[in-house]
Every structure is written in C-alpha cells, then in structure tokens.
Amino acid sequence: MTRNTAHLVLADGTRFSGVAIGARGASVGEAVFTTGMTGYQEVLTDPSYCDQIVTMTAPQIGNTGCNADDPEAQRPFLAGFVVRELSPRVSNWRATESLDAYLERHGVVGLAEVDTRALTRHLRSHGAQMAALGTEDPATLHDRAKAAPPMAGRDLTGAVSTDHVFEWTEGSGAFRSRALGSPIDRRLHVVAYDFGVKRNILRSLVDLGLRVTVVPATTPAKDALALDPDGLFLSNGPGDPAATERGIAVVRDLLGKRPLFGICLGQQLIAHALGCSTYKLKFGHRGINQPVKDLATGRVEITTQNHGFVVDKDSLGRRATVTHLHLNDDTCQGLAVPDADAFAVQYHPEAAAGPHDSHYLFRRFADAMLSAAS
Amino acid sequence: MPRRDDLKKLLLIGSGPIVIGQACEFDYSGTQGAKALRQEGYEVVLVNSNPATIMTDPEFADRTYIEPLTPDMVEAIVERERPDAILPTLGGQTALNLALELDRRGVLERLGVELIGAKVDAIRKAEERELFKEAMDKIGLESPRAHIVRTEAQANAAVEDIGFPVILRPSLTLGGAGGGVAYNREEFEQAIRWAFQQSPVHECLVEESLLGWKEYELEVIRDTADNFAVICTIENFDPMGVHTGDSITVAPSMTLTDREYQRLRDAARAIITEIGVDTGGSNIQFGVNPVDGRVVVIEMNPRVSRSSALASKATGYPIAKIAAKLAVGYRLDELRNDITGTSSAFEPTIDYVVTKIPRFAFEKFAGADPRLTTQMKSVGEVMAMGRTFKESLQKAARSLETGRDGLSSLIGKVDYRELVAHTRRLREHQEAALGAAGDGAVPAATDEELREAILEVVRTPLADRLWYLGDGFRVGLTVEQLQQATGIDPWFLEQISEIVAEERRLGEGGPLDAATLARAKSAGFSDAAIARARGERVADVRAARDAAGVAPIYSRVDTCAAEFEALTPYMYSTYGLGSESNPTDRKKVMILGGGPNRIGQGIEFDYCCVHAAFALKELGFETIMVNCNPETVSTDYDTADRLYFEPLTFEDVMHIIEVEKPAGVIVQFGGQTPLKLAVPLARAGVPILGTSADAIDRAEDRERFEEILNKLSIARPTGGIARGTHEAFDVADRIGYPVVVRPSYVLGGRAMEIVHSRSDLARYVRVALEAVSSAETQTILVDEFLKDAIEVDVDAVSDGELVVIAGIMQHIEEAGVHSGDSSMVLPPHTLGAKVLERIRSWTRALALELGVVGLMNVQFAVRGDEVFVIEVNPRASRTVPFISKVIGVPLAKVAAKVMAGATLHEVGFTKEIVPKHVSVKESVFPFAKFPGVDTILSPEMRSTGEVMGVADSFAEAFLKASVGAGTKLPGGGTVFVSVRDADKPAASKIARTLVGFGFRVVATAGTLDALTRAGVPAERVNKVAEGRPHIVDLLRNGEIDMVINTTEGAETIRDSRSMRRQTVLAEIPYFTTIAAATAATEAIEAQRHRQQTVRSLQEYHAELHAASS
C-alpha cells in the first residue's frame, strides 16, 4: 500500500488529513458519520449512502475484510469512506479480499488515519455538510466542497435503482434470523419498488416464503399492479424525499390498492403522498443502536437507522398516525395509514448491519397480505 | 411497569472476602445497587462479611451487617429484618448460592420474602449444567457436547460420540486436578484412568474440545417488558481454554462481521429469555469456530459479573445500577442514560478500543502451576482505552505495575530455552512448577535458537505470553507461525507485529519529529519505551515531544461514539485532535488510585481513595480520580467529579496534572503504586497534599529512619544493612539466627523471609540479588527475628499538631507472619496498659517527628513488656477500612480533610475510640487454587482478602471471623496435634480443653510424650516419614477434623508440607500457631454454648457514640 496523503475538506473549510486508501482521485459528497461498530461492508454497499462521504466512528475497520455474501447492493454508491485505522490484515473465514482492495476495485475514494472522533464531533455541532475527499490539494478540495449542491433538494433514486424488473430469490441461508419466525405457508407475491433497496430487505421477504419481484423506482403504479401482487413494498433510498417527486406520485397511485409496507425513504414518500412534510435533521441518525418505541406494544427495539430526513409528525393529517417514536429525540419512526392498509417505518427492520429486533415488521406485512388475500 | 411500591425493605447480599474470581467488582456493583435503591426510597439492608468494601460503609444502607455469609447467618438476618425482597444478583456467585440455599430451606416461603433480579428457577436453569443444556437444546442452540461418565465403558461411549480431541474434567477436584486433553485413544485411556483416580467420587466429565476456538462474551440486560440490550461485546485475545478472567480481553469485538455478531446477539436474546432473567443483567459466553463460524454456548451467569463491571467501565453504561432499578420494576425506557441524558434503552457504541490484561501473582506462590487454564488464577486486572488497539494494549501493559513500560522485550531477561524445558516438565508432571523465571543473568542465544524456543513456549498459555509473542516477532517469527502455535486470531498477532515494527523503526534513528512521535504515540509507546528503543533518555523524548507539540488529548467515554454530548467527565488519553477535557477553574484535588489489585495491594486502598473523593467533595473541592483498575468503585464515573482512566505512570499522570493543574495531589491513599510517584512528582513541582514526599522517604529509607528512632529513643529490633553474602553473614552472626531478611528496594514484605541458618541466608541473598538489575547498589536488610513476640498494628491520623490513635490491633498469630495475612483483634485482648501506653506515645512521637498530615500506620512487636517499632508507613494502610467499620469513624475521609487543610478539631475527631465490642479481622487465602503451594504463613503476604467478625467477646468475634473466612470449626471429632518443643506446654493445655469438649486427640511421638506427661489422653499417629498408615492417610480417609501443627526450621516445614496440602484439599481447619489454635479453641467453646446472634453496624456505632457522649 503506497502512502499518499489525502484530505477531507468540509464546505466550512475544516480539513482532516490522513492517508489515501482505496481508489485514488477526488470525490464530493455530504459528510456524515455512522456509529455502528460492526458491518462496514453493509454500510459501504447501502445505496442510501449514495453521494455521501461516510465516516465510521468505530476506529478499527477492515479487520474482517470483504466477502461475497454481505453486500447490500451490487456495488457501493457512496462518495467516500473515512476510517481511523485500516486493518493491514484480513481475518475472517468468509473473507475473499481486503477492504482496501474492495474499495479500489469499486472506485471508492477513501481516507484513513484521521481523528474520526474529532470529525464526528465537528459534524455533530456544525451539522452534516458537503465535503470533498481526495489526494488533490486542500484548496481545490475546498472549492469543490463549496460548489457541490447540498443534499436537500436532490432526488437520487434514479442513480441507484435497478433499470429492469427482476425476481429476487436469494434468502439469508445460514444467517437466517431467528426473529423472523417460520416461513408462512402461502406463496404470496410482493412487488418491491427499488429506490435503492438493500438486499437484506429482499432476503428477509424471501426468508418468509414470499415471492419477490423488484421493479425500478419509476415503474408506474398500473405496471406494478399488473404483476398481480398480494402486497407492495417501498424501499429505502438516498436523497431528499421532498425532491423525489416521481416516487411520491407513484406512491399516491399505489396507496389503498394493496397492503403496503415502506421502509425509510418508503415511509417518507408515503408521508408526502398524503400531503405531509419531511425535514432535514442536523446530522441525521446513522447507527445500529437507536432506540425506538413501538407505541402499540410499548416495547423498545434497538434499530438500525440511516436517515438525514424525517417525517414531520406535526404535519400528519387525519389519515396517518404515528406508530413508532425515537426514544432519544421523539422523532417519527413509524406511521400507519389504516384506511389504505399501509404502514411504514423510518428505520431499517432488515438491519444489515444491526440488530434483528424489528424483524417482526416483515411478518406483520405478510400477515396484512394474508388477511387481505383471504 | 414503573417502580414497585409493594416493596419497602430490600436485602442486598454482598460477595464476601476478595478471592480469586470474586474481587472488588462486586463492591462496585453492590455499591451502585445500594445507592440506586436508596435513591428510589427503599429501605436497604445489606450483608457482607468484607469490611474493606465501600458498600459496607454505614451510610450506604439503612442497616449494614458485617456477618459471615453463611446460610445460617443470612437466615438470622432475614428473620430479624423481615425484608420484602432479596436482591442476590449483585453479589457474585456467593450471593446467588445463598439465595438458592435460603429458598431450599424454605426460609423465603416461610417469611414471605421474594427474590428479585433473578428467580430461583432462572438461577437454577442457568447454573445447573444439565438444566442449562436442556434449555439450549430447546431453543436450538448448540452447547459443547459432553457426557458425565463413571466407568471406562461409559467413557469409551462418550468419546465415540464426541470424537477427538476431548477434554477430561474429573468431578470435585480442586484446581481442575486430574483434568486434561486427550488427542487419541492411547492418551485417552491413560488420562481417563488418572481422572477417575483423582476424583473422590470416581466421576469425570468428558467434553468436546473447543481449544483454539474464539471466545466472546456478551453483557446483556433485559426488563419485564422483554426489552433487551447488549451493553458490550468482549472478545478474548486468548482463545478458548483460558478462563476469561485470565484472558486478555478486548472490546468491542474485533474479528466478527455484523452477520456473525448478530447471530450471537440473537442467541443471547433467546438465552436470556428462555432462562427467564427478566429484571437485570447477565453475562453470556460463546465459542466461535474460526474455521467455519460454528457457534457454541459456553455458559451464562444470571447476574452481574466481573465482565459486566468491565463492560460498565468500558462503555460508561452502569450495568449494576440499571440492573438494580430493573429489579424493582422499572423498564429500560423509563430510565435515562446519565452520560448523555438520552434513553437507557439503547446499546452503547464506542469509538475507541478497550483492552483488559489480567494481573497474576505467581511469584507469591512458589510451586503453583503457572499454566493458564479454565480455572482462574489472576488476582487483579487493568483496563486501558486508546483510539487504536495498539495504543490500548500498550497502555494496559504499562498499567500492570510489573515494571514494563509497554510491550517491551524480555529477551535477555527471560531465558527462553530454560522456559522451554520448564514448560515441557509442566506437561509431563502436573505439579512441576516454574522456577523464578527470569530477571537474572541470561545466557546469550542466537535468533534461530530464540525462534525455536519461543515458538514452543507460546504453545503453553502463561501469564507473560503477550510479551513472548512480541519477542517472537522481534526474532523473526511470522503471524502464521505464531497463530499456528497459539490459536490466537491473526488480526491480534498482526497488531503485535506492527508494534514491534514501530519499535524497530524508532530504533533506526532519524529525527524525533512530529510525524514520528505522533505515529509512535498512536501506537501506544510511552516516552520511556521510545527512549529505550532509541537508546536515549526519557527526558530527551519528552523534550522532543514538547518541541514538536505532540501531547495527548483527552476524549470522553460517552456511550455513543460522540453522537451526543457527554455530560460526565469520564476520560482517557489518546493522540489526536481536539481534547475534550475542558478543565474547570475550580479549586481541585487529584487522587491517584492504586492500580491493579494484587497480593498486598487490594480493595482497602481503593476504599481509601474513594473516601478521599467523597471527603474533598464535601469540602467543596473538585475531585479528580486517576486509576486503571476497572473492578473498583474509584473508577465509577459517579465517585469523583472527574475520572481519568489512565495508567499510573509518571508520564501519564504528569500530562493530566498539566491539563488540570490541581491545587494538590493525594498519593498516600492508593498504596505503593501512587506512593512511588511521590518523589518524582514533588521534584516536578507538583504540590503533594498532606505528608510530604520527604517524610515518606524518611520513613522508608533505612538509615534516615534509624536517625529518627535514635532521636526519639524508640526501640527497634537490632539489625543491619548488608551488601552481599559476607556482610549478611556478619550481621546475622552478630544478631543470632533466626533473622528476618528483605531486600531494601521493596516495601511491604515482598520477598521477606525468616532464615534459620547460614546456608538459608546464602541462598536468600543469591536469589534476592539476582532479582535486581544493579546488584552492586542492592542491599539486604537483616533484622533480629523477635521470636514469640506479638505484633501490633496501629493506625493514627495527624493534622501536624494533634495525633489521634484510630485503632490498636493485636495480631493473633505471632511475629513472623505478614501483617496482611495475620488475623487481628481490635481492641487488643491481651496487652497490658503499660505496653499500650508506650505504643500510643511512640505513635504520637513518630507522627509529629515525621510531620505526618493525614494517615500513618506503625507496626510494633511486643515481647513481654518490651515494645519495638518494626516499621512506619506515613500513608493509608490496609487496616483503615476495618478500623473505620469498628469505630464508626470514616478514617480515610477524616484524613483527606486534614490533608486538605482542616484540623482534627474542625473535623471532629479528637480522641481515640476504644469500642466495647470486639472485632476480629481474618485473612482469606487462595491456596485451593494453587495445588502444590505450601500453605504455611510467612512474612511474604499471600492473602487476597479479609473478613470481619464482630461480637461482644473475643471468642465469638474470632468464631465469626473464622466462619466468614470459610473455616468450618468442628464441634467434636478428632484433632491432630504435632507441635515444636517450645509449644508443647501450651499445646497440652489446648488439647486438654478439647478433650473436655469430647474431642479425641491424635499426636506424633514427641508431642504424644508431652501430652501423656501432662495427663492428656491421646493416641499416636505416624509422621509421613515414619511409614504408613500416617497422618496424611488419616486425613485422606476423613478421620481428622482439625489440625494443630507448629513447626520450626526449614526441614520440619518441608516435612509437614504434604499434610498441609491435604488439609486444604479436604477443607480441614488447620492452625500453624499456638495463638491461633488457642483462639480457635475458645471459638469452638463459644460455638458449643450458644447460638450466634447478628447485629448491624449502625447499632454497634450508636452504642459507641452513646457511650462516648
């Protein structure tokens, strides 16, 4: 590994210098941090991180290398990857290559040996902001960061969505979650809108015995319904939900047609389809330790979260109700639209990375389809 | 569900004396629990036999019982107090077992007492092997395959099922004796026969071998609403086969992908749910096969544990406190995280690496098997945090107080080829011990020889294996080779190799510029280690750092990886950008803690440090604690205003001082660790509170101390300083044998010995001088041994003007037994008024002459009317908590206030309190864990902990202390007596009394003669050397109930060794001094005559204060 100096320069001029890892070059994105201690490969491949420069707060990254089973998409979409220390050795029986090699192969520009805590604290107090990362000189990088359009106002689903309809058949295999329970005994059909879908959502649906057809983000509602689904799913995805206008329009057409389940961007699109609004958090919720309370049962789930925007719960009209709240800041983490047989969560019940506490939601979706189908 | 209002009064059970495997982490959890429950408005009753705990301070409970933790005593307390519920999950295995026993006896049901924290069914399901295995099967989790076998046929069937290799664990043997691994049928046939022979019940567990598997621990909590969280995941550096308490452990897990980790989390959740712990914390251990990821459940503890204390310190999440609140009905989402103000229902995430390294004390236990196995042998631990694993590992390594400033090389100090021979002997003979490995002159070896030797040595897990691995890389071994030999994950090995590579780069010269320094510091190198690598002076490295502007920053332990702002100043140092120490401009005092627990430096000193923090807070100071021991109350973020979790080295402490600029530093409360920083800190201009560094030096420097004694006309045993064997002979000849010898470089009885002859002395001097690097400057102190004298410990507190005696404690054993091992009674039960007066006046004179401000401990020897001063320690002593409990005055608090400038009048402690009740402190020893070690008491301290017995008479107090220490005094049966000539009259008297109680007496020939002449009926038994059946045969057959055996001279001590071993194995009371035997006889009488009663400390103290006012 040649040691090139690289820099991360934030739009506000703050600079963090370290060692270049992965691909060489320069890249621009919104600087954010995530606090999960495991699952860097899932973070790298989570399409919701599209156009973001992601900092891992966990300091020792790359220890288990990369493998063929854990990616959440066919490739990384993030703009850059920042770590405290990159492991020089891969130690895991499933690993097929090092993180450095993986980053380079996928053209991800990375930075190591920076004080990621200092960076995180800066983002916490000054807010997530645009940044540039690379081996170019800091002044150039700063200019790029300043010139970059902010995340608010951007529809990024087109960049990450599939361009064709396909059937997803892979389950979790040996890693199937205990929390999912046994598969249901009817082969129900789900049509999943891919706004940047994480594979573990699809795997979880398959694990439950469902037939899953994935459709592009721009698929008109009538085309999706023509596939004769028992239920419709709206995936997670990157960008500003308010700007994802085509998605909102599709959801408006889908609402009430079949049992509907949304995750993350999916929830936000439902909210907008109902005429509610979303707003941007100062530095977002990104991690796998976020406590959410299910208001119906009173139970707390430790959840995986990755969102910069949330639904404004004060904007919810009479059609939608809040079902889940974040215990730390009371933000809306789940909503239901009873008259449309639709529900959604802001967080990631598919985890990957993260705890499996919320897997019951997939079951709830299957149950909704079952009762609608009978 | 919120707080339960149906409960009013709760009983909290502590864990008793500090023993290996159960140390002050349970004081930490018990103290947190007691505090939390009282804050919730409950009436708290607490029982613990260990006076050195913070939890037994009278202000932490409404009623505090310092009573033996036996079912009888706890039952008596439950009868008397009638609590609504018992919380047994904060007091280790001891408390859980007591709760189960109370349930079995029907006490809980009869008195309507509920168990909270964990129900009986849950405890049994988790603790009983068969039930646990069934539960795991039910939820589809694998446990290691195992069969209990009683015949060879069963054994063969078992191995057929499991496949090789298998682990053999014979039932009911101490220290895992007779166990082992068999890799093939031939080995197995031999091993199983040996195992059956060793097991008293001819039974053995044949278990699947998980040697070399990765080991993980999950610290989890769960509430009544089934809310569940993993507080911390701990990965063991040492693979399966080494007890997790003896393993180096790391948090968070380093070598699991998320999918593999979540599989463990799912399993942990399923386990705690199935076992049924629904109001508290648990520890769950897993083995993971590194080849295919197969997961096996090892065990579960349905309570807080050593690991949960570590997890709390590692993450900032107070598990015991939360567990206590869950036990009284709260749900996780109803509680707040102190550190961030956000919800408690979350999983901490950390942005640093935590390393724990265990501290061993094999040097104290000659003859012990030093191999690390599934039975814990370490006596303490340190924890360190760094932004990288390398940094945290090296910080932990230099926190250990073993004289190493990191992962330093042992080449040249350890003879690896000799070590190979030793480990081979160990494999061949179970009992072969390692000699004093090292620190002497080592013959040179080539790298090739070292590679070969180290590669073999590291196959055996030993206390210093981490350092051997470093040396392995230094001589060119590879990660692959070392991984093959040890089973340690290559990721960890790679990190060690990087440390060694960095050391090499530093050694190549080149300028010490900012980049070089930053890189070395980020890899955890201390200035001393950098200096050593470069052959420079430490001060030069520091100067280079100052010039380059490379200084540590302080980061906060915030449970959330900086996602939220931390409200609590709990910090560790690292190298990076943006320090978060944010020192205040308040007037502040810094307290240096005691570092890792080891023999001679235990919880007592942490107790004093905690009190200093409380006292100075009361005076309005900001208090700053510095310590590196995760087991302690001092490292609870709640104890001092600010906590720095840091190594107690000069460099690390100075950096904190530079940032905080305290008005004063207290070094006299944490034992030797901070005390040895007194002079260097003073020299650096740091204000030391209380007694000056110079006064400490005057008390410790032999020659300066003699000057004081001469000036004050205070007597001391005659003695002298010797350089080399001949001078030692001269001094000893002048004094007359036996003499007490010790190297002048160590304090507190380390390496102290009584030698009876020239040849013994010559051997001692040789070993002692070998043990130091600069033999020319090393001197040996040779002192008269005051035979048959009684030792007395005095603690006093002085404000420089007034000296108040806090307590005079008479040792029950004669002089020659280390004061930390001896049992003591307060007030003295056989000393005359004149002697006591002399002790008091000399104590005062010494305190004033030394200018003591704060605590002082003086050790006296009394022979008849003669009094001698043995040593003076102008600092907190081991007995401070014991005295505080006895007299009802928080001595360390008083002293801390005095050190901060208050007078004793202002503090309100102006005269000695001599209680009417009698308190006995008894020591507890780890001999059961070290087969092969001689149990005879000596000047070398070996106890790990202490208990206290309080009663109205000496006999009853001694009885309670003995019972509390685990001695089961017999009511009748056979007593074996064999004593040296000088003790024969006294032994006859004891024997007569015992015969009067209905005992049968057996004795060896010489003692039998004396008994017969004294008219005591007794029967003869053979010494071991006299042919069979001999005394050890009788002991093995269970025909002896008590042993009184005093010896003199090295030879008789050696002869009686096998007998002492057998008594430990059979748990037979064994007295090696007449004084102790006499006390025991009185205690047996007390036991015969009446039921023991229980009384709380608060009642004793109320009586004392009523009497004194």
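Author: Let's start with pLDDT, the predictor's confidence in each residue, from 0 to 100. This is a predicted model, where local features need pLDDT of at least 70, side-chain atom pairs count only at pLDDT 80 or more, and totals for chains, interfaces and linings use all residues. Residues are numbered from 1 along each chain as its sequence is written, while chains are lettered from A and ligands numbered from 1 in the order in which they are written.

Reader: What does chain B average in pLDDT?

Author: Chain B averages 92, and 96% of its residues score at least 70.

Reader: Where does pLDDT stay under 50 in chain B?

Author: Where pLDDT is low, the predicted coordinates should not be read in detail. Here that applies to residues 434-439 of chain B, where pLDDT stays under 50.

Reader: How many residues of chain A are in contact with chain B?

Author: Two residues are in contact if their C-beta atoms, placed from the backbone, lie within 7 Å. In this model, 47 residues of chain A are in contact with 48 residues of chain B.

Reader: Which strands pair with β18(A)?

Author: Strands (E, at least two residues) are DSSP runs, numbered from the N terminus, and two of them pair if DSSP finds at least two bridges between them. β18 (residues 332-337) of chain A pairs with β17(A) in the antiparallel sense over four bridges. Four bridges also join β18(A) to β19(A), again antiparallel. Take Gly334(A) in β18(A): His324(A) stands opposite, and in β19(A) its bridge partner is Val345(A).

Definitions and conventions. A residue is buried if 20 or more other C-beta atoms lie within 10 Å of its own, exposed if 12 or fewer, and partly exposed in between; C-beta atoms are placed from the backbone.
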